[in-house]
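This report describes one protein chain, element by element. The sequence and structure come next.

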Amino acid sequence: MQTDFSDLDSFDRAILAVLNKDGRISVADLARQIGLSKSPTQARLKRLEGEGIITGYRALIDPIRLGLDHVAFVEVRLSDTREAALGAFNNAVSKIGEIEQVHMIAGNFDYLMKIRTGSMSEYRAVLAEKISTLPHVASTSTFVAMQAVKETATMGALENVS
């Protein structure tokens, strides 16, 4: 079941906005920031998790500090776009660790991928050995990022929540 953002009350939206910026905040501090006591805040947090609105908590890791500073965006065209082919592609692409994001696109190609590696030679190996061998891949086009101007792990839409 999908929840519309407008279905959430101001306290739920405030919880999401605070957690979007600091997922490690204590329940007591979260309650203080949103203006509720701890028990109802904790109940709301559990409900948001139970409904799948909050899907988990994770550390944000700086890939540059780990030497993973080569980013390529790849347009992928498939030879078959029937549902079974899309499913096979989606399933296979989810298993490749170097692929950070994959989006199905309405346009001149079928998918756009964001791939992160340590170097151009590592990227070429990923392209040749993993991406090109994915089910139904007809062609790819690569665009190498020179600099990340804006890259966030938070949902900007939650910044102006009221």
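In this predicted model, four strands form an open sheet in the order β2-β3-β1-β4, with antiparallel pairing. The edge strands, β2 (99-104) and β4 (137-144), each pair on one side only. From one strand to the next, the twist averages 20°. Strands of a sheet pair through backbone hydrogen bonds, and the pairing can be parallel or antiparallel. Between β1 (residues 70-78) and β4 the antiparallel pairing runs over seven bridges. Ser 139, in β4, is the bridge partner of Arg 77.

| Helix | Residues | Angle to β3 |
|---|---|---|
| α4 | 83-93 | about 15° |
| α5 | 120-131 | about 135° |

Strand β3 itself covers residues 111-117.

Another helix is α1, with 12 residues (residues 10-21). How far apart are the end C-alpha atoms of α1? They are 17 Å apart, which agrees with the 16 Å that the helix should span at 1.5 Å a residue. At the start of α1, the backbone nitrogen of Phe 11 has a side-chain oxygen of Asp 9 within 3.0 Å.

Which residues of α1 are buried? They are Asp 12, Arg 13, Ile 15, Leu 16, Ala 17, Val 18, Leu 19 and Asn 20. An α-helix has 3.6 residues a turn, so residues three or four places apart point the same way. The cover over the buried residues of α1 includes α2 (27-34) and α3 (38-50).

Key:
Residues numbered from 1 in each chain as written. Predicted model: local features only at pLDDT ≥ 70, side-chain atom pairs only at ≥ 80, totals over all residues. Heavy atoms only, no water. Helix = DSSP H or I, 4+ residues; strand = E, 2+ residues; numbered from the N terminus. Expected span 1.5 Å × (residues − 1). Buried < 20%, exposed > 50% of the residue type's maximum accessible area, 1.4 Å probe, protein only. Contact = heavy atoms within 4.5 Å. Polar contact = N/O pair within 3.5 Å; in protein donor to acceptor, adjacent residues only side chain to side chain. Pairing = 2+ DSSP bridges. Axes fitted to C-alpha atoms, helices over the stretch in contact; angles between N-to-C directions.
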